Amino acid sequence: MGEKEPKNVENEAIPAEEQVAQKDVAEEKSVTVIPLSDHKSSLSVPEKISDAASEKSAGGSIDRDAVLARVETEKRLALIKAWEESEKTRAENKAFKKLSAIDSWENRKKASVEAQLRKIEEKLEKKKAEYGEQMKNKMVEVHKAAEEKRAVVEASRGEQFLKVEETAAKYRAAGFAPKKLFGCFSS
C-alpha cells in the first residue's frame, strides 16, 4: 500500500487526449484474432498481447496519423452500422406495409363473400316464401276444386233422390211395381 507507482516521464509530456489515443492505437496493434474451433459460427475472440516497444517507439506525427485513421475507420463503421439499421428498418416497414395490405385485402374479400352469402340467403328466403305462397294457393285451389266436385256430387245425388221419389210416387199412383228392383232383380 505504501508503494507508489513510478511516474512515466514520457506520459507527462504528452497531453491527456493523445495519451488515450496512443493507448487505443497500441491496443489495436496488440490485438490478434484467434478463431474458435469448437463453434460452428465464425465468432472470434481477441487476445491482447502487450507490445511495450511499439508504444514507446511511436512518434507524435505517426500517432496523430494512426488516431486519424482510427477515427476515419470508426466513422466509416458508424456510417455502415447506421445504413444497416436504416435498411433493416426500411425492410421491416415494407414488410409491415405488405402484411397490412394483405390483411385488408383478406378482410375485403371475406366481407364480399359474406355479402354474397347474405344476398343468396335473402334470395332463397324470398323464393321459399314465394314457393310457400304458391303451394298455399295450390292447396286452396285443390280444396276449392274438391268442394266444387263435392257440391256437384251432392247436387247429382239430390237430383237422383228427387227423380227416384218422383218415379216412386208415379208407381204408387199407377199402382204397379217397377220393372227393376235393386238393379239385378227383374220381374
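Select Phe176 to begin: Phe176 is exposed, with a relative accessible area of 51%, where exposed means over 50%, buried under 20% and partly exposed in between, computed with a 1.4 Å probe and protein chains only. What you have open is a predicted model, in which local features need a pLDDT of at least 70 and side-chain atom pairs count only at pLDDT 80 or more, while totals for chains, interfaces and linings use all residues. Residues are numbered from 1 along each chain as its sequence is written, and side-chain values use heavy atoms, with hydrogens and water left out.

A search of the whole structure finds one aromatic pair, and the rings of Tyr171 and Phe176 form it, with their centres 5.7 Å apart and their planes at 75 degrees, so the pair is edge-to-face. Rings of Phe, Tyr and Trp (its six-membered ring) pair if their centres lie within 6.5 Å, and planes under 30 degrees apart count as stacked, over 60 as edge-to-face and the rest as tilted. Tyr171 is partly exposed, at 27% relative accessibility.

Move on to Pro178, which sits in the loop between H4 and strand E3 (180–181). Pro178 is partly exposed, with a relative accessible area of 25%. Select Ala168 as well: Pro178 and Ala168 are 10 residues apart in sequence, and their C-alpha atoms are 8.3 Å apart in space.

Now select helix H4, residues 60–174, which has the highest mean pLDDT among the elements of the chain, at 94; pLDDT is the predictor's confidence in each residue, from 0 to 100. Within helix H4, pick Arg70, which is buried, with a relative accessible area of 14%. The side chains of Arg70 and Glu74 are joined by a polar contact of 2.7 Å, a term for a pair of N or O atoms within 3.5 Å in which, within protein, one must be able to donate a hydrogen and the other to accept it, and residues adjacent in sequence count only if both atoms are side-chain atoms.

Residues 110–141 come next, listed by UniProt in an unreviewed entry as "coiled-coil region"; such annotations may be inferred rather than shown by experiment. The span is 100% helix and 0% strand, and its end C-alpha atoms lie 46 Å apart.

Then colour by pLDDT. The chain averages 77, and 64% of the residues score at least 70. Over residues 29–58 the pLDDT is below 50, and this stretch has 23 contacts in the model beyond near neighbours in sequence, a contact meaning heavy atoms within 4.5 Å. Strand E2 (residues 44–48) has the lowest mean pLDDT among the elements, at 43.

Finally, show the whole chain, which has four helices and four strands, these being DSSP runs (H or I, at least four residues, for helices; E, at least two, for strands) numbered from the N terminus. Buried residues make up 5% of the 187 residues in the chain.
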